Number of protein chains: 2
Amino acid sequence: MTTPYTDSPSQLDPALEKVVAAADAAATAFADTTPRQRASALLAVADALDAHADELVPLAAEETGLGTARLTGELKRTTVQLRLFADVVVDGSYLDVRIDRADDDYVLGVRPDLRRMKVPVGPVLNFAASNFPFAFSVAGGDTASALAAGCPVIVKAHPGHPRLSARTGEIVTAALSAAGMPAGVFAVIEGQDEGVAVLKDPRIRAAAFTGSVRAGRILADIAAGRPQPIPFYGELGSVNPVFVTEQALATRAEDVVRGFVGSVSGSAGQLCTKPGFVFVPEGHGLDDIIAAVVAESNAQLGEQRLLNPNITSGYCGQRDTVLAGEGVRTVVEGSVRVDDQGHGWTTPTVVAIPLSALRAQRRQLLEEAFGPFSVLVEVPAGTSYADVVTEFFTGSLTVTVQAADGEVSDKLRSLVRAATDVAGRVIYGGWPTGVAVTHAQQHGGPWPATTNDSSTSVGTAAIDRFLRAVAYQSLPQQLLPPAVRDDNPWSVPQAIDDAGSSRTWGSAANS
Amino acid sequence: MTTPYTDSPSQLDPALEKVVAAADAAATAFADTTPRQRASALLAVADALDAHADELVPLAAEETGLGTARLTGELKRTTVQLRLFADVVVDGSYLDVRIDRADDDYVLGVRPDLRRMKVPVGPVLNFAASNFPFAFSVAGGDTASALAAGCPVIVKAHPGHPRLSARTGEIVTAALSAAGMPAGVFAVIEGQDEGVAVLKDPRIRAAAFTGSVRAGRILADIAAGRPQPIPFYGELGSVNPVFVTEQALATRAEDVVRGFVGSVSGSAGQLCTKPGFVFVPEGHGLDDIIAAVVAESNAQLGEQRLLNPNITSGYCGQRDTVLAGEGVRTVVEGSVRVDDQGHGWTTPTVVAIPLSALRAQRRQLLEEAFGPFSVLVEVPAGTSYADVVTEFFTGSLTVTVQAADGEVSDKLRSLVRAATDVAGRVIYGGWPTGVAVTHAQQHGGPWPATTNDSSTSVGTAAIDRFLRAVAYQSLPQQLLPPAVRDDNPWSVPQAIDDAGSSRTWGSAANS
């Protein structure tokens, strides 16, 4: 890999310099691994993490306070994700190979042989999240997709689970090494200043982040302000509005409430897809059902620990702000207490507010409260939910529609259309938490859901954020990368445009 | 389209406000046009421009000083580009539709029905370039790809060809209107301050630019620094290094020189892909051939006019800097003179410098000189061209290899590999100027070639920069957009993952 501006001395301390230099040195060899080599390495990482589940899950539980069942499922999700990317790498569609054969009769004059494919961008820096100590942390989605793309990865560990991060890092590094990947292809670093220093290093070619709007914006600005700006994929906050129809209330009110309470209380509400604002028709009559279902849920879950003191204080602050808002009615007054060790403990709080009061206080109230808290917004009859979306939301990971089973109407069509403009995912009937790891997933959305809505942080399309394209013009077959050669040794999909194609341009549109 | 933060008053003067409000108002209706409607509109624009060639070409020639033959070809390229995008829109592959069917046996638990597609980002602002008054201006590549994507377009006209810009804008607007596209879908504005004001407007969702590193960086920083940051696709400067092998010199020296002089002198060297630095073995003996071929070229082309006074002064400045460099030898001393009207007139200048002298003065000398100027860099025997790429270049639109016919070697393989790390396009035997408009083209590259190397500004893949993805979860068919419905009324490619697929994950990688 190129080390640009080598006449500038490194700004890094010796330990970090070693990590970044090793990632840079590994970049070319790693990019040049075959798909099967890289896929085997991803599978080896998955196998190693699965093999250490009995060690990793308790460590994660201790450091984060999250439940064992949730963490066991999260680790499985993490290793399934690595396995899925192994298949993506071997399949090769992600390379988007396009071959235009030389064409003497091209409409614009002689066309040379042109072959385009995606290549890895180079070393990537990932800032780990606190709330998914496996799936969005050291071996999480951004690591899996960057390694799959062929980029060395440096993870800046989240301080919320330092021992788990270090141990996961050791396991991943050992597995990659045993799979024959070059040294330096993976590393974990610690510390906020250290993360910023590495983000500023010219050898880092892209960065990813999952966390708060505040921290994400600071880092995005640093990435954009570098002498050589780089893409920064920050997944930030989201309030995930839900819209409940009259017919949903009439036909399945309890079902809606059960789904709602489950989605708000799971993982103590510390999920970026937690439904923060639920728009319901005025006079919904849900208060008692909600109170009963939350009581049931509390009996089962008890108090739940928040991840760390930062999150506790942020949660308390925004919860207090909303509770003190004009016109806010408490539906369920959940608890928050801080124990001797500084851990926050909670049960869900649900409040209600008229739409007009939310409108009047939108700047204070329309923010993410990261914890088990949600706001019912009571909407007067005749209000268009599509207009509400357009008035109140600019970017959200999700927008959810709760309708009667199979309910379809022009109003719902308008709501889906408005949701498309602001969300990465539009859900019907389900709840936004529980993000499937699959091909068609989209986890992103316009600002402030992300710093860059051109990509996803969950699902196989995530590989695209760590790639750029290169075209090869008139190269002899022996000088071409395997993926764009005529003999196609990796059997990747190749979109071929033969000579003569330009004679029919415009006809598809006219036919 | 959403108008975010509507409680902030508009910062725009009334005329600009009208333009931006109209683009915003048109966004949803335009996004919802069918592929055939949008394709027909693109063809209508192409037809209208072709029909006005007799008016537009002379106007362009007068305002830019570029030759009529070149401009006629450029207009054809521009309209072919619109026609090609019409086919892309109808084909629908660009939507990257992925359908994961609901799967009760999914490896991570029940998987909902998920359908992902690309959607337009919303209103786009394009900053037009001076050097391609058709192909990178009002109706140029960024306009064609954004309209194809379904985004309203506001073009900030380049002051170098104001009357052509206004006239082109009228023709495009009329054609779109006659094709039934919503009012406000296209507009041309003028003025640097006006462009910046619109770039800062929250209703603008992406911007594109072709021009200098200095201006591009300023605008990229504004886009990144907005309260709601947006993607900014700037195509900036490039020095387009060329590497000539010993065998090329031995077998086809005159051919190489003819190609070189043609590439440097065409359009008075005012092309972003002009070969600025040509690395040749020491003792190449090319001086006399170059002098003779430049003399021939001058006899044919005469003095060529530079585009505008800014370019003239930038060209003179960098040319003077290089001519005054230590160890620089003049091979052909071309001319530069400024006439009574302030127009610069030039013939090509070629100089030579030892590699060691370039190394010592790289900060001053290794810059783009936008005009008919190129530097031969004389490389000692035994020097690795791959190492030269890595040492001197971080980002370039192109890297070119001039070898003997069909020459292949490990050294050339290393050179291609190093070039892949820094360039958007790697060329063998040809010259970088003359960028084919086609599917496999890549016009981009790491900084400073572009502000964002995740996309291309030429070729059909350019549509991707004006799209983002949305996933629809469990929606009834009647609420889904046409492209992701089972009945697939637009007949777009749909990548379908059936239930049960996760049972075999990881097996492709192991097979």
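In the predicted model described here, strand S17 (residues 423–428) of chain A pairs with strand S18 (residues 467–473) of chain B in the parallel sense over 3 bridges. Strands (E, at least two residues) and helices (H or I, at least four residues) are DSSP runs numbered from the N terminus, and two strands pair if DSSP finds at least two bridges between them. Within this pairing, B:Gln473 in S18(B) is the bridge partner of A:Ile427. Residues are numbered from 1 along each chain as its sequence is written, and chains are lettered from A in the order in which they are written. As this is a predicted model, local features need pLDDT of at least 70 and side-chain atom pairs count only at pLDDT 80 or more, whereas totals for chains, interfaces and linings use all residues.

Between the chains, 82 residues of chain B are in contact with 81 residues of chain A, contact being defined by C-beta atoms, placed from the backbone, that lie within 7 Å. Helix H4 (residues 68–91) of chain B gives the most to the side of chain B that touches chain A, with 9 residues. By class, that side of chain B holds 43 nonpolar, 22 polar and 17 charged residues; Ala, Val, Leu, Ile, Met, Phe, Trp, Tyr, Cys and Pro count as nonpolar, Asp, Glu, Lys and Arg as charged, and the others, Gly among them, as polar.

Conventions. Contact = placed C-beta atoms within 7 Å.
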